[in-house]
Amino acid sequence: MATDAFVDRVRIALEQQGTACLMEEIVALCPDLTWNQVFLAIDQLSRREEIRVTLDADRTYRIQTYRPAGDTRVDVSPVHPRIVQQGIT
């Protein structure tokens, strides 16, 4: 499977889920992909600002679709109320 195909597969799975997911949940949503393919897709989507990776209070990473301010596309994923974006050191 080409890189673009599994990046799109992960993005679509996240949009359909509609909430923030743990990495393990995304892997379960995409059983046709390996853990490494999901990780690579998350990395690429994050760099393109199509998803947001956040770290919550118990140091758990959560991933969700994201549209930057000024983007006219409709954001299909509501912000998870427990997520607190923190800097990573």
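**Notebook: fold, surface and largest pocket**

I read the protein along its sequence and noted the pattern α-α-α-β-β.

The model is predicted, with local features needing pLDDT of at least 70 and side-chain atom pairs pLDDT 80 or more, while totals for chains, interfaces and linings use all residues. Residues are numbered from 1 along each chain as its sequence is written, and side-chain values use heavy atoms, without hydrogens and water.

I looked up burial next. Of 89 residues, 34% are buried (under 20% relative accessible area, 1.4 Å probe, protein chains only).

I then checked contacts (heavy atoms within 4.5 Å). Of those between residues at least 6 apart in sequence, 48% join residues at least 24 apart.

Last, I went to the largest pocket, whose volume is about 260 Å³. A pocket is an open set of points on a 1 Å grid over the protein atoms alone, where a 1.4 Å probe fits, with protein on both sides within 12 Å along at least five of seven lines; lining residues have an atom within 4 Å of a point. The volume is the space filled by probe spheres set on the points, which are joined across faces, edges and corners.

I listed the lining as Leu22, Met23, Glu24, Phe39, Ile42, Asp43, Ser46, Val53, Thr60, Tyr61 and Ile63. Helix 2 (23-29), helix 3 (35-47) and strand 2 (61-65) each give two or more residues to this lining. Helix 3 gives the most, with 4 residues.

Note on methods: Buried means under 20% relative accessible area, exposed over 50%, partly exposed in between (1.4 Å probe, protein chains only).
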